[in-house]
Amino acid sequence: MADSAAPVKVADCGCITAFGDARATHAALLRGECALRPVAVLGRDGGEAVPLALLSGRSLDETAPPEWLVAVRRLHASIPGGGWGSPGRPVFVTGSNFGVGGLYALRRTGEAAFATWGGPATCTERLRELLGWGPDVSIVSHACVSAHLGLLLASRAVAAGLAQEALVFSFDFLSAFVAGGFHALKILNSSFPSPYRVGDSGAIGLGDGAAFAVVSRGRGSWTLAGQSVYNEMHQFTSNRSDGAGFDRCLEGVAAASRGRRVWFKGHGTGTLEAGQLEVSAAGRSFPGAPVVGWKGSLGHTLGSCGLVELAIAIESVRAGRTPGTIGGAGPAMSESVARESFGNGAFDGVVCASNAFGGAHAAFLLCHA
Amino acid sequence: MTDPLTARLKQLIVETLRLEGITPEEIPDDEPLVGGGLSLDSIDALELVVRLEKEFGIKIASSEEARRALASVAALAAYIRERGDPSRLPS
């Protein structure tokens, strides 16, 4: 489903990763730093050490209230303006796990305080109270394209005149429950991720992430010139082997990018099959566009990744330099994969793409207004 | 004569995944387990891997390794013979 008829603007945007805010993250990526560290997959309960990029000082173990609230408050305090959740200024909260680790802690400890943050609805309601939002708050959760969907819905609300501006707020903080789930699937293991690298086996890393974007009809320096989402409904954890799902999604923004020179910020978690399918599809829809992926450093920030990486992409354009793909060694899956950072002054836009379990795909084209 | 490990694996597949309308004997040795005639998906594969790791003392490190191991019943049997705890193999 492409949505290129009614471009809107990103007025404000920011993120928090293991490196800090968008500027600090961008600078660290330019230096080629890796935020991932080996951490016991079940936190205090041990298990295999897997690559995780946790916020500074944070452990994987659950607390009530969650310690990640500090980061959420800090991020929220950086959002210009106010009155969010009031008529004309809706909030779209996006994520894939919310406080689900709290439910695991509840089951193990029996402490009722963990339940408050466990589910999307209760977690969002508590955030709404703490952050002072009004009642106009929607929850959008669709695995790792959650942030893209929130952005699309917010854009539509603004474009249709249903909102003056909309806040998309996204977060995903790791827990033993989430890390353990990916570990059980064998895609999170002791290996560090090597996005878009040829190899015998792939692996991902996971990271904490939170981000926001304010979508506006008139204000802002960045235009969302095209947005696209597509779900191939193929299979729970894999994609059609011919890459048709990637193509269908990217074709939706390729039309909007015609005549522009773009670079491509891919999903690039480090899995082999999806990495190859993505980079091939990017080559078909955006021939010659350099492809970068940052999850080899930041880890996969799951439902927040679309907004986290939007904030870094904007910082890249502001600074005039795009960080290269970080992680691993060996030949790349395509010569379009950029390993080194590059100047982006000669480009007219960036395509940001994310993919998710269930064969879900999302992408948008971001241009300087 | 049926190989005991192969027979046990087929039994495990039917039990673990609660397959209905199929007996262990009807599962072919060389047909792909995931994406083949059994219509198993990746969540089935996950359940099966967890059971196999417990029963045979193996450790499958990555999704690609799991995919290779689950290529067929015959491939799975070979994988377990090579990497499993010999004391846990059926005789």
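I take helices (H or I, at least four residues) and strands (E, at least two) as DSSP runs, numbered from the N terminus. On that basis I count ten helices and 16 strands in chain A. I note at the outset that this is a predicted model.

**Entry: overall dimensions, chain A**

I looked up the extent of the chain first. The C-alpha atoms of chain A fill a box of roughly 60 × 50 × 40 Å along the principal axes. The radius of gyration of chain A is 19 Å. For 369 residues a compact globule would come near 21 Å, so the value agrees with that expectation. I then checked burial: 58% of the 369 residues of chain A count as buried. I also looked at contacts between residues at least 6 apart in the sequence of chain A. Of these, 79% join residues at least 24 apart.

**Entry: a sheet in chain A**

I picked out one open sheet of three strands in chain A. Its order is β3-β4-β8, and the pairing is mixed. Which strands form the edges? They are β3 (37-40) and β8 (206-207) of chain A, each pairing on one side only. I followed β3(A) to strand β4 (residues 49-53) of chain A. The two pair in the antiparallel sense over four bridges.

**Entry: A:Phe182**

I located A:Phe182 in helix α6 (residues 176-184) of chain A. Is A:Phe182 buried or exposed? I find 20 C-beta neighbours inside 10 Å of A:Phe182. The cut-off for buried is 20 or more, so A:Phe182 counts as buried. Next I listed its contacts, leaving aside neighbours within four places in sequence. A:Phe182 touches A:Ile187, A:Leu188, A:Ile204 and A:Leu206. I checked one of these pairs by C-alpha distance. A:Phe182 and A:Leu206 are 24 residues apart along the chain, and their C-alpha atoms are separated by 9.1 Å. A:Leu206 also brings me back to the sheet, as β8 of chain A spans 206-207.

**Entry: helix α4 of chain B**

I turned to helix α4 (residues 73-83) of chain B. Its buried residues are B:Val73, B:Leu76, B:Ala77, B:Tyr79 and B:Ile80. Why do I say that they line one face? Seen down the axis of α4(B), the buried residues fall within an arc of 160°, so they line one face of the helix. The general rule is that an α-helix has 3.6 residues a turn, so residues three or four places apart point the same way. Finally, I asked what this face packs against. The buried residues of α4(B) pack against α1 (4-16), α2 (42-56) and α3 (63-69) of chain B.

Note on methods
Residues numbered from 1 in each chain as written. Chains lettered and ligands numbered in written order. Predicted model: local features only at pLDDT ≥ 70, side-chain atom pairs only at ≥ 80, totals over all residues. Pairing = 2+ DSSP bridges. Rg over C-alpha atoms; globule rule 2.2 N^0.38 Å. Buried ≥ 20, exposed ≤ 12 C-beta atoms within 10 Å, placed from the backbone. Contact = placed C-beta atoms within 7 Å. Arc of directions from axis to C-beta.
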